[in-house]
Every structure is written in C-alpha cells, then in structure tokens.
Amino acid sequence: YFLHHVPNSIQINHVVADIGRSAIEAIKERYPDEFEGENSLGHVIRVGEPVRSHRTGYIEVIDYETLGRTAEGQGATIRLAVRAGDFVHPGIELLWVEGTIGEDTPGLLRNAFAVGISRTQSQDIEFAIDELVEIAARALSPGVNDPFTALTCLDWLSAGLSDLAGRDLPSHLRVDDEGALRVIAHPFSFDLLMDRSFGALAQYCAADMVAALRFVRSLGEVALECDDADRLATIGTYANRFDRLTETALGGFNRTRVRDRVGELQRALAEPDYKRHLRDSTAWLGGSA
C-alpha cells in the first residue's frame, strides 16, 4: 500500500486535483446561497482611526463575528484594510474605526486576525486559484512544455468558477441585528476570481493551440452554469480578449481552430437558445481540445 500510495500522491494530477477540490469546497462553504443578484446595502463609507498590526506574516483567518460584536459594543463601524491572504508586518493598517472606542479595543480587534507564516485556504479562496494558475503557467513554459498538465488545471479552474457562477455572493457590508453598519470588508466578486484565474492564464494559453482550445472550452463550461447577464458579459469579455491574444501568438490552422471555437462561444453567450442547444448536445464547444 505504501509503495502504491506515495508515487500516486505526488503525481501532478493528484496535486492539482487536491487543490481544485479544496477551492470548490471553500466556495461552497463560504458562499452557500444560490445566486439571486448582487447585494448592496447602500451605506456611506467613511475612514476613521487606524488599528495597525503588531505581527508579521500572512493573514490566515479573520474572525468577522468578533469584529462585529466589538464594533456593536462600542457603537462603532469598522472598515477592513486587508483580507485573508494578505502579508502584514508591524505598522501595517489592519482596519480603520469610525467612532469612539476604549483603550483595550484595538487589542481586541487585532486578536480577530490569525497571522501565520504561509497562506491557507480556509478563507483565502484566491490562494487555491493562484496555485492552479502557477502550475499551469509553469507547465506551459518553454522549459517544461507540458500542456496536458495545464489542461488539468484549466479543468479544475472551470469546475470552481462554474460552481461560483451559480452562487450568491454576500455583501461586503455587515450589519448588526438593528441594521446598523458594523463591518466593511473587502468586496469579493465573480469578476475578481475570473481575473485571478482565466485573466492570469490567458497570456500563457494563447501561445499553445491545445491549451488555447481548452481555455475557450473552460470559459464555456463556466457559462453553462450561469444565467446572470453581468457574469455572462464578463465571460464574453475574457473570450474577446483571449481571441485578440491568439491573433499574434498563433498562426495558420492553429489560429483558425481557436478563432472558430471563440466564435462558437460568443454565439452561445449572445443566443440563449443556441447555448441550450450546445448544452444538450453530445459535445460542448467542439468537444475536448
């Protein structure tokens, strides 16, 4: 068992799959609700006194409940200056407080931040996305030239973004039971993760026909799970940008294949009936790369 388990556990596909599954589970845990439109409470945001870090490292977890209770007890409003995954050191602003607080309150607020030596995936979904992007980018580098590892990363990225596309993202504005604004976190959006994943990988995939075809197909997979007009428009924007990248990176037959695949995706985004037709057919966007 040991001789079988160790080689399998370090295979790149197993590593990528573990990261991908972690990203999907983090999305499900952090955003459990089905998508019903973006939330906005319309509060006015003001900047107050800063509370600075006393420690050095990566923010692993932020205890939003503690921040909310502390702010409510002081009758104050907190605006976060950092998010999970950010690197801090003494003097860096963790948050700003709007209102009058007691002498012990800054210490209580600092204790709501767990700081460690490395990023974790507990609240930092971008970390798993960044890992998949890094593996794919290295696989597509001239020194490695391993496009099929990059395809595996694209498959897991599309799975994670597809899951996110159908979920409602909570407002970054947190209120107490009376409706008073207490914590203002960093906004988190579908556009942000699209930029961290497909936006970051576009330049690498554009120069390889096999990776380019899978890139477009992966965008299509995300579109399948999405009916929101704004999110579909974002997917279309990345498809158009990628198409322009391949104009100079690819030529001849390779360029033609990618251009046709992008055209099919653009039509599916513009015509819901055509998207349903593709979804119900045996192959989505021309099949696998």
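**Entry 1. Overall**

I began with contacts in the protein chain: among those between residues at least 6 apart in sequence, 75% join residues at least 24 apart. I note that the model is predicted. I then looked up the secondary structure and found eleven helices and eight strands in the protein chain. Of its 289 residues, 45% count as buried.

**Entry 2. Nonpolar cores**

I looked up the largest nonpolar core, which has 57 residues. The residues with the most contacts inside this core are L161, L201, F215, L219, I235 and F242. I listed the helices that each supply at least two of its residues: α2 (12–30), α5, α6 (147–165), α7 (190–205), α8 (209–224), α9 (229–249), α10 (252–270) and α11 (272–280). Another core, of 18 residues, lies apart from the largest one, and I found L94, L109, F113 and A185 among its members.

Leaving aside neighbours within four places in sequence, L161 is in contact with I129, F190, L193, M194, S197, F198 and V222.

**Entry 3. Helix α5**

Helix α5 runs over residues 125–139, 15 residues in total. I read a reach of 22 Å from its first C-alpha to its last, close to the 21 Å expected at 1.5 Å a residue.

Is α5 mostly covered or mostly open? I found eleven of its 15 residues buried, which makes α5 mostly covered.

**Entry 4. Loops on either side of α5**

I looked up T120, in the loop between β6 (113–116) and α5. T120 has a relative accessible area of 23%, so T120 is partly exposed.

I then went to N145, in the loop between α5 and α6. Its phi is near 55°, a positive value in a residue other than glycine. N145 counts as exposed because its relative accessibility is 56%, and the cut-off for exposed is over 50%.

**Entry 5. Second largest pocket and helix α3**

I looked up the second largest pocket and read about 180 Å³ of space in it. The elements that give two or more residues to its lining are α3 (64–74), β7 (173–175) and β8 (181–184). Y64, E65, G68, R69, E72, R174, V175, D176, D177, R182 and V183 form the lining.

Which element gives the largest share of this lining? I found that α3 does, with five residues. Sorted by class, I have three nonpolar, one polar and seven charged residues in the lining.

My last stop was T66, also in helix α3. Buried or exposed? T66 has a relative accessible area of 17%, so T66 is buried; the cut-off for buried is under 20%. Leaving aside neighbours within four places in sequence, I found T66 in contact with L108 and A112.

Technical notes. Residues numbered from 1 in each chain as written. Predicted model: local features only at pLDDT ≥ 70, side-chain atom pairs only at ≥ 80, totals over all residues. Heavy atoms only, no water. Helix = DSSP H or I, 4+ residues; strand = E, 2+ residues; numbered from the N terminus. Expected span 1.5 Å × (residues − 1). Buried < 20%, exposed > 50% of the residue type's maximum accessible area, 1.4 Å probe, protein only. 1 Å grid on protein atoms, 1.4 Å probe; cavity = no way out; pocket = protein on both sides within 12 Å on 5 of 7 lines; lining within 4 Å. Points joined across faces, edges and corners; volume = space filled by probe spheres on them. Nonpolar A, V, L, I, M, F, W, Y, C, P; charged D, E, K, R; others polar. Core = buried A, V, L, I, M, F, W, Y, C linked by side-chain atoms within 4.5 Å. Contact = heavy atoms within 4.5 Å.
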